[in-house]
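Here are a few exercises to work through with the model open beside you. Try each task before you read its solution.

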Amino acid sequence: MADLPPRPRRVVFDHDGAPDDLLSLLLLTRYGHVDLRGVAVTPADCLPGPALSVTRKILDLTGRDVPTAVGTLPGRNPFPLEWRIDALRADALPVLNRKDPDIGPADALPAHERLAVWLARTPAPVTVLATGPLTNLAWCLEHHPGLESRIEEVVFMGGALDVAGNVLRPDHDGSAEWNVFWDPDAVRRVFDSAVPVTMFPLDVTDRVPVTMDLARAFGRAYGDPVGDLAGSLLALTFGTLETTGLAYCCWDSLTTSYLAEPGICAFETVHCDVITRGVSQGRVLRRAGGRAVRCAVTVDAGRFYRHLLDTLAPDGRPPTGR
Ligand code: AGV
Ligand code: CA
C-alpha cells in the first residue's frame, strides 16, 4: 500500500558542509511540504567560509530565500583537513557559479545564537534536522532551556549501535561515529533534554553507499542544474574507500529523506547512552534505563536510491541494462 503523503513541517537545518550535507540541502529545497526556516553551518567536517558560501549558492540556485548562519563553537575532536576541504571544491563547481553570487552580507550572529532566535520566534514547534554534530543545539538547550518546547523532533545523523564506528584513529577503539565524536558532550546535553530524538546511526547508513550505479543514473539525467549538482556532489565522494578503507555513504541524505518518505527505514525505540571520555568517546550504546531514542534499524536501500533520483533527477531514464 502506498504511504500517506508526508506531513508538512517547519524545519531548521544544521549541517556541516560535507558533500552529503549539501546533497541533503538540495533534497530539502525540493520537498514541497517542508517549510525551511533557516540553515546553520557547523564548522566540523568543512571549512566554514566555503561551506556557508556553497550553502547560499545552493539556496540561490534553487530559488529559496532562507536565512543562513555559520557556527563558531569548536568541537573537541577536529575532522581531518583532507575531508574538510571538500566544501572548497563544492563551492567552485561550475553549476554554482553561472553568475556572480547575488549574496548579501553574512549574518551578524553566530549559528548557535541565530538558532536560538529561529527557535524562539517560530510560530509553532519545529523539526531540527542535524546532519553534523549537535553543538549548536546543545548550546541552545543549555543557555535557553525554555526552547525545548519549541522543538517537536530532532532528526540526527549519528551513532553506531550494533556495528563498528567510523572513527579510525590510533588513540580510539573504533566504536564511535564522527558526528558524535566531534562533540560528545553535545550529544550528552541533547540526551539529557526531553526533546524527541530520531537517530540514523551507521547501522542503516552503512547500507546506502554511494555507488557508480548511482552516479551513472545521475549521468543519464545530465542537463538539469539540480541533477547535475547532485551528480557532481556524489562525484566528489569517490576515492573514499581507497583512501580510508570505508565507503562514503549517503549518511545525511538518508536521514533527510525521512522527512519525505519515513517508510524508507523501520524504527525501534532504543535506550541509549553516550560515552564522552576516553578511548570510546563518542560511542552511542544501548543501555537499559538510558535515554529513549527512536533509532532507524533497517532500510529499504532500493527505495532510498529511487527517492534520491525521483527527487533530484526526475527526468532520468531508468537503466537499460545494455
Ligand atoms: O560520519 C558520517 C558523517 C556524515 O554526517 N560525516 C560525513 C557525513 O556528512 C563524517 C565522515 C565520516 N567519514 C567521512 C566523513 C569521510 N570518509 N569523509 C568525509 N566525512
Ligand atoms: Ca555531515
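How many helices and strands are there in the protein? There are 14 helices and nine strands, taken as DSSP runs (helices are H or I with at least four residues, strands are E with at least two) and numbered from the N terminus.

Before going on, some ground rules: this is a predicted model, where local features need pLDDT of at least 70 and side-chain atom pairs count only at pLDDT 80 or more, while totals for chains, interfaces and linings use all residues. Residues are numbered from 1 along each chain as its sequence is written, chains are lettered from A and ligands numbered from 1 in the order in which they are written, and side-chain values use heavy atoms, with hydrogens and water left out.

**Exercise 1. Look at the overall build.**

Step 1: the C-alpha trace spans about 55 × 45 × 45 Å along its principal axes.

Step 2: buried residues (under 20% relative accessible area, 1.4 Å probe, protein chains only) make up 56% of the 322 residues.

Step 3: take contacts (heavy atoms within 4.5 Å) between residues at least 6 apart in sequence, and 82% of them join residues at least 24 apart.

**Exercise 2. Work out how covered helix α8 is.**

Step 1: find α8 at residues 184-191.

Step 2: check each residue; six of the eight are buried, namely P184, A186, V187, R189, V190 and F191.

**Exercise 3. Find out what the side chain of E177 reaches.**

Step 1: locate E177 in the loop between β5 (151-157) and α7 (178-182).

Step 2: E177 is buried and has none; R283, the nearest side chain of opposite charge, is 12 Å away.

Step 3: turn to the backbone. The E177 side chain reaches the backbone nitrogen of N179 at 2.9 Å, and one of its polar atoms lies 3.3 Å from the backbone nitrogen of G159.

How values were computed
Buried means under 20% relative accessible area, exposed over 50%, partly exposed in between (1.4 Å probe, protein chains only). Lys and Arg count as positive and Asp and Glu as negative; His and the chain ends are not counted. A salt bridge is a side-chain nitrogen of Lys or Arg within 4 Å of a carboxyl oxygen of Asp or Glu. A polar contact is a pair of N or O atoms within 3.5 Å; within protein, one must be able to donate a hydrogen and the other to accept it, and residues adjacent in sequence count only if both atoms are side-chain atoms.
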